[in-house]
Amino acid sequence: MNLNLLLQHFDELIVSRSQVKELRQAILQLAVQGKLVPQDYKDEPAAELLQKIAAEKKKLIAAGKIKREKPLPPIRKEERPYELPEGWEWVRLGEIVDYGGTGKHFEAGSIPAGSWILDLKDIEKDTSQIVQRFTSTERNSQSTKIPFCKDDVLYGRLRPYLNKIVVADSDGFCTTEIVPLHAYQSVSSRYLMYAMKSPYFQSYVNARTYGTKMPRLGTM
């Protein structure tokens, strides 16, 4: 697809809001495939970054900061939906992020006063915008919360088709219906967010939810 040609004829192509959404999704998919900009082959190959991540995880496990997990299965050829640019690598999400916050759950009474409390309803669907923000004092929530840190990717696991995902701009605590994803090394949180908003990832996730009225995502 020639993006410049597409943009030149943008007004001719778009006649409805649904088509705007489809175009955005198409552009997003091209972006996460590395097809919108020329590749700089001087960049560090992904294989080297993955080695650094593996070394970091080994140190964190030794320090007792994260738990040792079972090795994830290799990605089979038939699982790969498209070809990647030279130097890129297919990985499973669990290889490049620590998810679930610190593994700790905080009861309402143990959350520091004034802390940001994030609920799913605070995230606008599709846009990755925070539409409202409340502190622990203002919200007075009594349910268990999960801590997250600035730059964590916060992913809504309840009704994932709503595409509620945002990069945290500060530390806080979230409902258990949101999964905090902390990227290792120099993995870009914003790239990770956009990759998880892409049509391919959404299709993958929605095929793995359980429940009918209120579908939830289990393990990604």
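Strand E5 is covered on both faces. Val153 and Tyr155 are buried on one side, and Leu154 and Gly156 are buried on the other. In a regular strand, side chains alternate between the two faces of the sheet. The structure described here is a predicted model.

The chain has 8 helices and 10 strands. Of its 220 residues, 35% count as buried. Among contacts with a separation of 6 or more, residues 24 or more positions apart account for 67%. The chain exposes about 14,000 Å². Carbon and sulfur atoms supply 52% of that area.

E5 belongs to an open sheet of 4 strands. The order is E1-E8-E5-E6, and the pairing is antiparallel. Strand E1 (97-99) and E6 are the edge strands, each pairing on one side only. On average, neighbouring strands of this sheet are turned by 25° against each other, direction ignored. In general, strands of a sheet pair through backbone hydrogen bonds, either parallel or antiparallel.

The bridges can be followed from strand to strand. E1 and E8 run antiparallel and are joined by 3 bridges. Here Asp98 has His182 in E8 as its bridge partner. E5 is joined to E8 by 4 bridges, and the two run antiparallel. E5 is also joined to E6, by 3 bridges, again in an antiparallel arrangement. Tyr155 has a bridge partner in each of these two neighbours: Val179 in E8 and Ile165 in E6. Helix H7 lies across E1, E5, E6 and E8. H7 runs at about 175° to E6.

Which residues of the largest nonpolar core touch the most other members? They are Val97, Val153, Tyr155, Leu181, Leu192 and Met196. The core holds 21 residues. In soluble globular proteins, nonpolar side chains tend to be buried together. Val97 shows the links of one core member. Leaving aside neighbours within four places in sequence, Val97 is in contact with Leu181, His182, Ala183, Tyr184 and Leu192.

A second, separate core has 12 residues. It includes Trp116, Val166, Cys174 and Ile178.

There is another open sheet of 4 strands, with the order E3-E2-E7-E4 and mixed pairing. Strand E3 (134-135) and strand E4 (145-148) stand at its edges. Each has a single partner strand, so one side of each is left without a neighbour in the sheet. E2 and strand E7 (residues 172-175) run parallel and are joined by 2 bridges. Leu118 stands opposite Cys174 in E7.

Arg139 lies in helix H6 (residues 136-139). Is Arg139 buried or exposed? Its relative accessible area is 16%, and the cut-off for buried is under 20%. Arg139 therefore counts as buried. The side chain of Arg139 reaches the backbone oxygen of Ile117 at 3.1 Å. Beyond neighbours within four places in sequence, Arg139 is in contact with Ile117, Leu118, Asp119, Lys121, Asp122, Gln132 and Phe134.

Arg92 is found in the loop between H4 and H5. Arg92 is buried too, with a relative accessible area of 17%. Its side chain has a polar atom 2.7 Å from the backbone oxygen of Pro73. The side chain of Arg92 also reaches the backbone oxygen of Pro74, at 3.2 Å. Arg92 and Pro74 are 18 residues apart in sequence, and 8.2 Å apart in space, C-alpha to C-alpha. With neighbours within four places in sequence left aside, the contacts of Arg92 are Leu72, Pro73, Pro74, Ile75 and Glu79.

Gly114 sits in the loop between E1 and strand E2 (116-118). Gly114 is partly exposed, with a relative accessible area of 47%. Leaving aside neighbours within four places in sequence, Gly114 is in contact with Thr135, Ser136 and Thr137. Gly114 and Phe134 are 20 residues apart in sequence, and their C-alpha atoms are 8.7 Å apart in space.

Definitions and conventions
Residues are numbered from 1 along each chain as its sequence is written. This is a predicted model: local features need pLDDT of at least 70, side-chain atom pairs count only at pLDDT 80 or more; totals for chains, interfaces and linings use all residues. Side-chain values use heavy atoms; hydrogens and water are left out. A nonpolar core is a set of buried Ala, Val, Leu, Ile, Met, Phe, Trp, Tyr and Cys residues joined through side-chain atoms within 4.5 Å. Buried means under 20% relative accessible area, exposed over 50%, partly exposed in between (1.4 Å probe, protein chains only). Contact means heavy atoms within 4.5 Å. Two strands pair if DSSP finds at least two bridges between them. Axes are lines fitted to C-alpha atoms, for helices over the stretch in contact, and angles run from 0 to 180 degrees between N-to-C directions. Accessible areas come from the Shrake-Rupley method with a 1.4 Å probe; for residues, only the protein chains shown count as cover. A polar contact is a pair of N or O atoms within 3.5 Å; within protein, one must be able to donate a hydrogen and the other to accept it, and residues adjacent in sequence count only if both atoms are side-chain atoms.
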